[in-house]
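Below are some questions and answers for a reader meeting this structure for the first time. Each answer ends on what was asked.

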Amino acid sequence: MNGFGARLRDFFARLFRRKPPEPGYFARGHKMSFRGFLHAAPWVMPGREYLAYVPRGHGGWWPRRRTLVVMIHGCKQTPEDFAAATRICALADEHGWLVLLPRQTDRANPYSCWNWFDASTIAGRGEAAIVIAQIRAVRRSYRIDPRRVFVAGFSAGGALAAALALRHPEIFAGAFVHSGIACGAAPGAWAASKVMKSGASTDPAKIGEQARANAGAAVRLPLLVVHGDSDSVVAEINARQVVQQFLALNGYAAGAAPEGELPPPDAESTAVASGRTVITRDYRIRDGALVRWVKVAGLDHAWSGGDPAHPYNDPEPPDATKLLGEFVREAPAQTARGDFLARS
């Protein structure tokens, strides 16, 4: 009897023993969109590969719905580079988030830049449509909370993130643009280089107002912009124009500032870290949402706080990945449109 009782206890101990969580892993995929053809390169097939990072401990009998963070790399980068340099997988493991990392092909751009200046992408088609198709594919494969989808990008990836959020605000709960450019700032490849150095050749705020009108004037989309004031590739004026565009998208303080200028922020703070001055300006929208601009003194064209073993990364603070994590945690949930959910 004692032997039987011991075996019975061992059986139940094994049954209910807490197993160590399964490690995180990458899953590969490829997705196309019929709306994904580029205006300037219609011969390029409208599909891209992607990596999906599934965090440590994901799964179980009834896994909860997860946040999805879409991370879009810059020029001359790969998803693997971007994930390693930003340490986004460690953040995902900590919070249980999934991460989607689209991959640009050199057939679409010889430098692996996203074509943020292409007319189709500016309109929300082109490469924006391809990334949307990838989001739907990942959502079908995993239990993604449709109200908690965020898009983040660096440089050309930041410009694509801005285009995605501006043209599809019903899908995203927030956008993070690091060293990026406003949607529609360059009306074609011929204008891209000048815009990167001197700012938009269009009116980003007007584009934001039009996007708001197209969305039914009920947009609430938080934004976080991080940009270095010593950026020698994408001039700081582009950060200001991204902020202007998303203030207009959110219907904030229309006419409160001279044309081309930002209104005074609702809050501003200054901090010094490792000899760098970091100025944070907040514009409060409603329901706790905000547009925030983090201006980093002395930062060139690089991910702030990234791993310097990879190009376009600066190890000094602030830690942009940590800022992204705080932004995602604090952003209010989006009310996703039924048509996106129905097709997801």
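Q: Is Glu 268 buried, partly exposed or exposed?
A: Buried means under 20% relative accessible area, exposed means over 50%, and partly exposed lies in between, with a 1.4 Å probe and protein chains only. The relative accessible area of Glu 268 is 47%. Glu 268 therefore counts as partly exposed.

Q: What basis do these values have?
A: Residues are numbered from 1 along each chain as its sequence is written, and side-chain values use heavy atoms, with hydrogens and water left out. Local features need pLDDT of at least 70, side-chain atom pairs count only at pLDDT 80 or more, and totals for chains, interfaces and linings use all residues, since this is a predicted model.

Q: Which residue forms a salt bridge with Glu 268?
A: A salt bridge is a side-chain nitrogen of Lys or Arg within 4 Å of a carboxyl oxygen of Asp or Glu. In this one the closest N and O atoms are 3.3 Å apart. The pair links distant parts of the chain, strand β8 (residues 267–273) and strand β9 (residues 276–284); helices (H or I, at least four residues) and strands (E, at least two) are DSSP runs, numbered from the N terminus. The partner of Glu 268 is Arg 281.

Q: Which residue meets Arg 276 in a salt bridge?
A: Arg 276 is in strand β9, and its partner is in strand β12 (residues 313–314), 38 residues apart. Arg 276 is buried, with a relative accessible area of 10%. The N to O distance is 2.6 Å, and the partner is Asp 314.

Q: What is the relative accessible area of Asp 282?
A: Asp 282 forms a salt bridge with Arg 292, the closest N and O atoms being 2.6 Å apart. Asp 282 lies in strand β9 and Arg 292 in strand β10 (residues 290–296). Arg 292 is partly exposed at 25%. Asp 282 is buried, and its value is 7%.

Q: What is the distance between the sulfur atoms of Cys 75 and Cys 113?
A: A disulfide is a pair of cysteine sulfur atoms within 2.5 Å, and a search of the whole structure finds 1. Cys 75 is in the loop between β3 (66–72) and α2 (79–86), while Cys 113 is in the loop between β4 (98–102) and α4 (119–122). The sulfur atoms of Cys 75 and Cys 113 are separated by 2.0 Å.

Q: Within what arc do the buried residues of α10 fall?
A: Helix α10 covers residues 320–330, and its buried residues include Leu 324, Phe 327 and Val 328. The arc is that of the directions from the helix axis to the C-beta atoms. Lys 322 and Glu 330 are exposed on the other side of α10. The buried residues line one face of α10, because seen down the axis they fall within an arc of 165 degrees.

Q: Which residues of α7 are buried?
A: Helix α7 spans residues 189–198. Its buried residues line one face, because they fall within an arc of 120 degrees seen down the axis. On the other side, Trp 190, Ser 193, Lys 194 and Lys 197 are exposed. The buried residues of α7 are Ala 191, Ala 192 and Val 195.
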